[in-house]
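Biologist: I would like to understand the labels used for this chain. Can we go through them one at a time?

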Amino acid sequence: MTEKALRLGTRRSKLAMAQSGQVAEAVRRVTGRPVELVEITTHGDVDRAHLTQIGGTGVFVTALRDALVRGEVDFAVHSLKDLPTTQPEELVLAAVPEREDPRDVIVARDALKFTDLPRGARIGTGSPRRMAQLNAYARTHGLDIETVPIRGNVDTRIGFVHAGELDAVVLAAAGLNRIGRSGEVTDFLSVDTVLPAPGQGALAIECAADHADLVAALGELDDPFTRAAVTAERSLLAALEAGCSAPVGALADLLADGQSVKEMRLRGVVGTTDGTRTVQLSTTGPVPQTHDGATALGRELASEMLAQGAAGLMGERAH
């Protein structure tokens, strides 16, 4: 008798389905059980208002989590950057697989790079974080750009460029890689120019805390370095009391000496969306071996950023 299929809850977007399909394949390998995708529509998929207006935090996650709690699905796959920093007690983050490229990218007309865009170039993004850092970079490097708020899936956003409505759009490298469209990237934005969203490029596999066997099986897909990095980044975000739509960038990366990994560096930035004021700091320490160690790294950097006035740059803070 074949074992009952595991039900994987996923958003319906092309990117979510691609991500979930890849995770489903990995779960089939480690459990030997069939996996079926269960499509769930979230508030963020239906409401076309800007994310900052509809609540930002959790708009793509709540419906999936509700389905998990009700037992309609066995586990769910999220883009980690969409996940609120508080974890519900009845759910557990069973695995954070190895991270994809965390960088932001530009898709521009005429295959242009960011620094080659014409004066007054219109760049589309729905992210206050990207606006803040692009505008700050433009100010300090004598570029003249206009950031334009947009929403929509990858097709819609790239469509604005093809239609001539925008000169460029900013997207996540990981998303384009996962749907096989990385060939459309005209420029990769260095993390020295734009720090990604906390958790960008990483996936979160979540299930009910009381499904011990499933938690253990999914745990085989966990990448400890990725988990330590994103835990530090999300701890910084939480300590700043900022939601996922706040203009906060963070990236933890590993510093290696030859073959051995020696330290973890955590960088954080917060800024006003017009780019006039930013607070950007970094801290380096031993690679955290525990959840608490990674959390402490994020909290430490957040307190330094708050001491330099970060709170005043974020607009409405999450409570």
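Predicted model: local features only at pLDDT ≥ 70, side-chain atom pairs only at ≥ 80, totals over all residues.

Modeller: Residues are numbered from 1 along each chain as its sequence is written, and side-chain values use heavy atoms, with hydrogens and water left out.

Biologist: What makes Asp167 and Arg109 a salt bridge?

Modeller: A salt bridge is a side-chain nitrogen of Lys or Arg within 4 Å of a carboxyl oxygen of Asp or Glu. The closest N and O atoms of Asp167 and Arg109 are 2.6 Å apart, so the pair meets the definition. The structure holds 21 salt bridges.

Biologist: What does the pair of Asp167 and Arg109 tie together?

Modeller: Asp167 lies in the loop between α5 (154-162) and β8 (168-172), and Arg109 in the loop between β5 and β6, so parts 58 residues apart in sequence are tied together. Helices (H or I, at least four residues) and strands (E, at least two) are DSSP runs, numbered from the N terminus.

Biologist: Why is Asp167 called buried?

Modeller: Buried means under 20% relative accessible area, exposed over 50%, and partly exposed in between (1.4 Å probe, protein chains only). Asp167 has 14%, so Asp167 is buried.

Biologist: What makes Arg122 and Glu146 a salt bridge?

Modeller: The N to O distance is 3.5 Å, so this pair also qualifies. Arg122 lies in strand β6 and Glu146 in strand β7, so the pair ties together parts 24 residues apart in sequence. Arg122, at 31%, counts as partly exposed. Glu146, at 38%, counts as partly exposed too.

Biologist: Which residues are linked in a network of salt bridges?

Modeller: Lys14, Asp155, Arg181 and Glu184 are.

Biologist: Why is Asp110 called exposed?

Modeller: Asp110 has 61% relative accessibility, so Asp110 counts as exposed. Asp110 lies in the loop between β5 (104-108) and β6 (121-124). Its phi is positive, about 55°, although Asp110 is not a glycine.
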